[in-house]
Amino acid sequence: MQNAIEIRGLSKSFPGFQLGPLDLSVPSGAIYGLVGPNGAGKTTTLDLIFGLGLPQAGEIRVLGCDHMKDEVAMKQAAAYVSPQTSYVPWKYVRRAVRFIGAFYPDWDQDYCDDLLKRFRIDPDAKIATLSLGNNIKLGLVLALARRPRVLIMDEPTIGLDPLSKKDLFAELLALMRDQNHTVLISSHNLTDLERFTDHIGVIHEGRLLLEGRTDHLLETHRQVSFSLDGAPPPGARVIERDGDRQRVLTESADEYRESLAGCGAKGISVKPVTLEELFTALVE
């Protein structure tokens with residue numbers, strides 16, 4: 001499967017923080033969730049994809065376009081929604097819609113008007129008076145009305161009430177009805193991402209710890225609990241220890257169970273993991 005977004009060897013240094021070298025692949029037609037703790041490098045990565053900052057090394061391609069050399073073509077085909085984007089200079093929602101829509105030949109004004117109604121945004125509202133949630137919804141409207149082939153979103157559910165969040169995911173699923181659209185979404189809401197995404201990447205301290213299909217990652221990783229004096233056998237990450245009772249994360253539950261039995265472990269139990277449990281085990 002061709003990748004809609006390919007990142008290879010991406011590096012960017014800041015005082016006290018180093019992003020990368022980072023390799024990341026978002027398959028075409030995927031809904032890819034990028035998760036990580038605060039300060040892990042999620043926003044920096046998304047900003048660099050869209051040319052907001054210069055990498056010190058590496059390559060970024062979106063739909064085969066170099067994100068710097070083919071910047072115009074890339075930005076015609078891709079949209080970026082960020083809580084940091086301000087539309088205040090246009091003063092009113094209607095002016096922002098008219099200005100931004102003029103740049104895109106495929107702009108769908110009827111769809112835009114429908115989205116404004118669905119997200120309960122008054123076209124005549126002053127942008128400076130919009131709440132954080134409504135400002136994010138305005139950004140979503142301006143992005144979705146273009147029906148972009150690649151939609152990149154940084155924390156799009158911040159400030160959204162449950163109804164608006166439901167509307168957001170409904171629109172994203174509608175966008176994804178064919179395989180010509182791809183979504184890359186960064187969010188702290190792991191429950192939503194587990195239900196909504198089909199690919200996940202976990203980033204921590206500027207490095208990608210793992211990525212893959214959401215269902216495959218949750219299927220292959222297991223929590224194993226047991227009682228054992230001393231250190232557990234290799235092949236797992238210790239999550240919790242209380243006396244001789246231990247809990248670990250492993251990708252090879254059957255083999256690890258055999259190793260534990262060979263070490264004399266007692267009370268062995270295996271259970272699936274949620275995305276939140278997998279994430280917590282990897283970054284703690």
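Author: The lining of the largest pocket divides into 14 nonpolar, 6 polar and 3 charged residues; here Ala, Val, Leu, Ile, Met, Phe, Trp, Tyr, Cys and Pro count as nonpolar, Asp, Glu, Lys and Arg as charged, and the others, Gly among them, as polar. The model is predicted: local features need pLDDT of at least 70, side-chain atom pairs count only at pLDDT 80 or more, and totals for chains, interfaces and linings use all residues. Residues are numbered from 1 along each chain as its sequence is written, and side-chain values use heavy atoms, with hydrogens and water left out.

About 530 Å³ of space lies in this largest pocket. A pocket is an open set of points on a 1 Å grid over the protein atoms alone, where a 1.4 Å probe fits, with protein on both sides within 12 Å along at least five of seven lines; lining residues have an atom within 4 Å of a point. Grid points are joined across faces, edges and corners, and the volume is the space filled by probe spheres set on the points. Of the 23 lining residues, Phe50, Tyr80, Ile100, Tyr104 and Arg146 are the closest to the centre of the pocket. The elements that give two or more residues to the lining are α2 (71-77), β6 (78-81), α3 (93-101) and α5 (132-144); helices (H or I, at least four residues) and strands (E, at least two) are DSSP runs, numbered from the N terminus.

As for the whole chain, there are 10 helices and 14 strands. Of its 284 residues, 50% count as buried, that is, under 20% relative accessible area with a 1.4 Å probe, protein chains only.
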